[in-house]
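Reader: Can you walk me through this model? I have some questions about it.

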Amino acid sequence: MIDIKNQQHLIRRVEFKDAEALADLKIRLSQETDFIPFLDIERDTLISHTKDELSQLLSNNRAIWVIEDTGSLVGYLDIDRYLMPKVNHAAFLEIGIRESHRGLGLGTNLILESELWAKSVGIKRIWFYVVADNLGAIILYLKLGYRFEGLRRNGYFVDGKFTDEYIMAKMI
Ligand SMILES: CC(C)(COP(=O)(O)OP(=O)(O)OC[C@H]1O[C@@H](n2cnc3c(N)ncnc32)[C@H](O)[C@@H]1OP(=O)(O)O)[C@@H](O)C(=O)NCCC(=O)NCCS
């Protein structure tokens with residue numbers, strides 16, 4: 001468990017008891033942003049899916065952090081490493097912060113925390129896709145040393161519109 005107090009928000013590793021709150025956070029984020037491709041499924045199904053995921057978290061292969069503010073989850077970061085040898089030096093990152101809590105440095109802190117963990121378990125490469133319109137996120141990633149590696153043309157489809165996605169990565 002990693003505890004960091006940052007502007008009165010607690011950043012900590014997820015626990016099994018957070019499953020329902022994490023599912024609710026993802027539902028809220030999917031209502032607030034078009035930039036994360038969440039599953040369009042019923043709340044109960046998402047909760048049971050999240051419980052399955054949390055019960056299967058393997059200490060060296062996947063880690064999830066949550067940000068807690070007065071008892072509610074307001075953000076999360078999920079970093080998931082490939083299991084297969086030859087590629088398990090690489091991990092895929094996903095992040096989301098509630099609209100009310102953006103711009104406070106929480107995203108930066110979450111990413112830096114995940115990089116420390118990733119280094120400690122031998123991960124060498126962190127990567128993800130980012131929708132080309134998501135300038136705020138792209139600025140944050142560039143500031144933290146992530147670089148463009150490629151483009152997935154029309155990789156994203158939302159509200160009847162195709163958008164390109166960048167592949168971004170950082171060697172750590
Ligand atoms: C992208 C996201 C994780 C950033 O988290 P955050 O906590 O708001 O980011 P931070 O406060 O740490 O921002 C750090 C820096 O990134 C840049 N940045 C972040 N959001 C920005 C925005 N909307 N516009 C311009 N710059 C932005 C700024 O340079 C900022 O530094 P500054 O505040 O000193 O100017 C958050 O906005 C989010 O969850 N968005 C919706 C979901 C999403 O897009 N996820 C990423 C999918 S790839």
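Reader: What kind of model is it, and how are residues numbered?

Author: This is a predicted model, in which local features need pLDDT of at least 70, side-chain atom pairs count only at pLDDT 80 or more, and totals for chains, interfaces and linings use all residues. Residues are numbered from 1 along each chain as its sequence is written.

Reader: Which residues come nearest to the ligand?

Author: R102, G107, T108, G136 and L140, out of 21 residues around the ligand. A residue is near a molecule if its C-beta atom, placed from the backbone, lies within 6 Å of it.

Reader: Which elements give two or more residues to that shell?

Author: Strand 5 (90-97), helix 3 (106-120), strand 6 (125-131) and helix 4 (135-143) do. Helices (H or I, at least four residues) and strands (E, at least two) are DSSP runs, numbered from the N terminus. The largest share, five residues, comes from helix 4.

Reader: How many of the shell residues are nonpolar, polar and charged?

Author: The shell around the ligand has 11 nonpolar, eight polar and two charged residues. Ala, Val, Leu, Ile, Met, Phe, Trp, Tyr, Cys and Pro count as nonpolar, Asp, Glu, Lys and Arg as charged, and the others, Gly among them, as polar.

Reader: Other topic. At what angle do helix 1 and helix 2 cross?

Author: The axes of helix 1 (residues 19-32) and helix 2 (residues 43-55) cross at roughly 125 degrees and come within 8 Å. Axes here are lines fitted to C-alpha atoms, for helices over the stretch in contact, with angles from 0 to 180 degrees between N-to-C directions. Helix 1 and helix 2 are therefore oblique to each other; angles under 35 degrees count as roughly parallel, over 145 as roughly antiparallel, 65 to 115 as roughly perpendicular and the rest as oblique.

Reader: Which residues meet there?

Author: From helix 1, A19, E20, L22, A23, K26 and I27; from helix 2, R43, L46, I47, T50, K51 and L54. By class, this contact has seven nonpolar, one polar and four charged residues. Two residues are in contact if their C-beta atoms, placed from the backbone, lie within 7 Å.

Reader: Is I27 buried, exposed or partly exposed, and what does I27 touch?

Author: I27 is partly exposed, with 17 other C-beta atoms within 10 Å. The scale is: buried if 20 or more other C-beta atoms lie within 10 Å of a residue's own, exposed if 12 or fewer, and partly exposed in between, with C-beta atoms placed from the backbone. Not counting residues up to four places away in sequence, I27 touches R43 and L46.

Reader: And Y76, buried or exposed?

Author: Y76 counts as buried because it has 23 C-beta neighbours inside 10 Å. Y76 lies in strand 4 (residues 72-81). Leaving aside neighbours within four places in sequence, Y76 is in contact with L22, L25, I64, W65, V66 and G96. The C-alpha atoms of Y76 and W65 are 5.4 Å apart, and the two residues are 11 apart in sequence.

Reader: Where is R98?

Author: In the loop between strand 5 and helix 3. R98 is partly exposed, with 19 other C-beta atoms within 10 Å. The residues R98 touches, beyond four places in sequence, are R28, L29, E32, V74 and G75.

Reader: What is the phi of T70, and of K86?

Author: T70 is not a glycine, yet has a positive phi of about 40 degrees. T70 sits in the loop between strand 3 (62-69) and strand 4. K86, also not a glycine, has a positive phi of about 80 degrees, and is found in the loop between strand 4 and strand 5.
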